[in-house]
Amino acid sequence: MRRLGLALLLTATAMRLAPADGLRLGKAREKRWSGEPEKHGGTLTKKPPDVTKSRKLKTDHLLKVDDHDFTMRPAFGGPAIPVGVDVQVESLDSISEVDMDFTMTLYLRHYWKDERLSFASTTNKSMTFDGRLVKKIWVPDVFFVHSKRSFIHDTTTENIMLRVYPDGHVLYSLRVTVTAACNMDFSRFPLDSQTCSLELESYAYTDEDLMLYWKSGDESLSTDDRISLSQFLIQKFHTTSRLAFYSSTGWYNRLYINFTLRRHIFFFLLQTYFPATLMVMLSWVSFWIDRRAVPARVSLGITTVLTMSTIITGVNASMPRVSYIKAVDIYLWVSFVFVFLSVLEYAAVNYLSTVQDRRERKLRDRVRAQSLPCTCGMSHTRTMMLDGTYSEADTNSLAGYTEAPMVPEEEPEKPEHMVVHLSVSSESTATKKKKNFSIIQNTHAIDKYSRMIFPGSYIFFNLIYWSVYC
């Protein structure tokens, strides 16, 4: 009985102690997950509180977004709110001569103070938010003047950052790609320089409500040193500002991002100037070709003319249809004129050759008609033997000769030959040679002079052209 009573006593004691131990264990776990301090080996460790779990520290309550009307600008009804701007150019993507525009990617940052967003802070640290808060507060309505297309990058989320300081200062940054118009002057193309500008302005607020300015002057614009373009050399970036007036709304502050581009000439030397020069030089080859080689000279002239037409068409296809003459047009069209004149030069040579042949034919006919009736008065006679193996040219060469009685050969074994005694006046022969020599000299003189005049004139034109445009 004593043993039974002792066992019951021990069982009751154990049941009393078990709930206390469980309670201690539960409190320890609660401390572990709630972030309460624990003592480990005599040291006290604290876990920083998570303010996002406190309803009292919600962003809307912290910045008092619900307590103010953010549809109105800060200090509404008072002086104009100053908004500083700075820009970092990330890339200059493209320049289009046909559309006369450029595409640029940049980081656009705005700085202003809105006391409605001030909050209490013991550490004086700023708070950073993404684009979701931007829709709940007031931000400047800056837009790009003369822009054709623009968008805010949204991969993986909208590239917008909002940073608020305890005293109410705000930094609003966004990453934008914009395509804007650029008024280009192509009168010196492709030896030109172009100046383009990206203009920023408030859409709704005049200078009485919003004062837009460059935050740090010329240092407000920064660029990446790796920015480069295939056809242009970026010479400089600079900033300016001025007032823009609209008759219906008033004066607005406008900021300018100006940059100057100088075109690389080497590409156009290879694609335009060198081929055009070679075509002109190729057209001069016809001056050394025989004037009687009509197919060779005509085909060479037509080929060079068509090639120059193709070059001119290709250059104009990549350019806007401007109403003034460009520098490349002057060079190409002068080259085209030189090629076309070389074709006309052969036309003149061929025409004079035809006239020369016609005069020679008439002269031969006249001499033949005068020599056939009579053989008297001839100073000397010539004898020619014809055996039937003569050409038409040989018979034509008999013009001016007279026939004499034919003398038969004594030996019958030999082939029959026809011996003709011909006589011609020495005076007629001298006159004929003199006229033919004069005509031939005039015809060949055109090619001879062209060999010097054409290259000399083209070299002189190139000297003037490159001295003016370079």
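I looked up Arg163 to begin with and found it opposite Leu171 in strand 9. I noted that this is a predicted model. On another pairing, Arg163 of strand 8 is the bridge partner of Thr128.

I then went through the strand pairs. Strand 8 and strand 9 (residues 169-181) run antiparallel and are joined by five bridges. Strand 5 (residues 127-129) is also antiparallel to strand 8, with three bridges between them. In the hairpin of strand 8 and strand 9, four residues lie between the strands, and I found Gly168 with a positive phi near 100°.

I checked the two faces of strand 8 (residues 160-164). Ile160, Leu162 and Val164 make up the covered face, while Met161 and Arg163 are on the uncovered one.

Next I turned to helix 4, residues 294-317. I compared its span with expectation: 24 residues at 1.5 Å each should give 34 Å, and the end C-alpha atoms are 35 Å apart, so the two agree. I listed its buried residues, among them Leu300, Thr304, Met308, Ile311 and Val315.

I also found a nonpolar surface patch made of Val294, Val298, Ile302 and Leu306, with about 310 Å² of accessible area together. I recalled that residues three or four places apart in an α-helix point the same way, because there are 3.6 residues a turn. Val294 counts as partly exposed because its relative accessibility is 34%.

Last, I took totals for the protein chain. I counted seven helices and 16 strands. Of its 470 residues, 35% count as buried. The chain exposes about 30,100 Å², with 57% of that from carbon and sulfur atoms.

Note on methods
Residues are numbered from 1 along each chain as its sequence is written. This is a predicted model: local features need pLDDT of at least 70, side-chain atom pairs count only at pLDDT 80 or more; totals for chains, interfaces and linings use all residues. Side-chain values use heavy atoms; hydrogens and water are left out. Patches are made of residues with over 30% relative accessible area and no salt bridge: like charges are joined within 9 Å, nonpolar side chains (Val, Leu, Ile, Met, Phe, Trp, Tyr) within 5 Å. Accessible areas come from the Shrake-Rupley method with a 1.4 Å probe; for residues, only the protein chains shown count as cover. A salt bridge is a side-chain nitrogen of Lys or Arg within 4 Å of a carboxyl oxygen of Asp or Glu. Buried means under 20% relative accessible area, exposed over 50%, partly exposed in between (1.4 Å probe, protein chains only). The expected span of a helix is 1.5 Å times one less than its number of residues. Two strands pair if DSSP finds at least two bridges between them.
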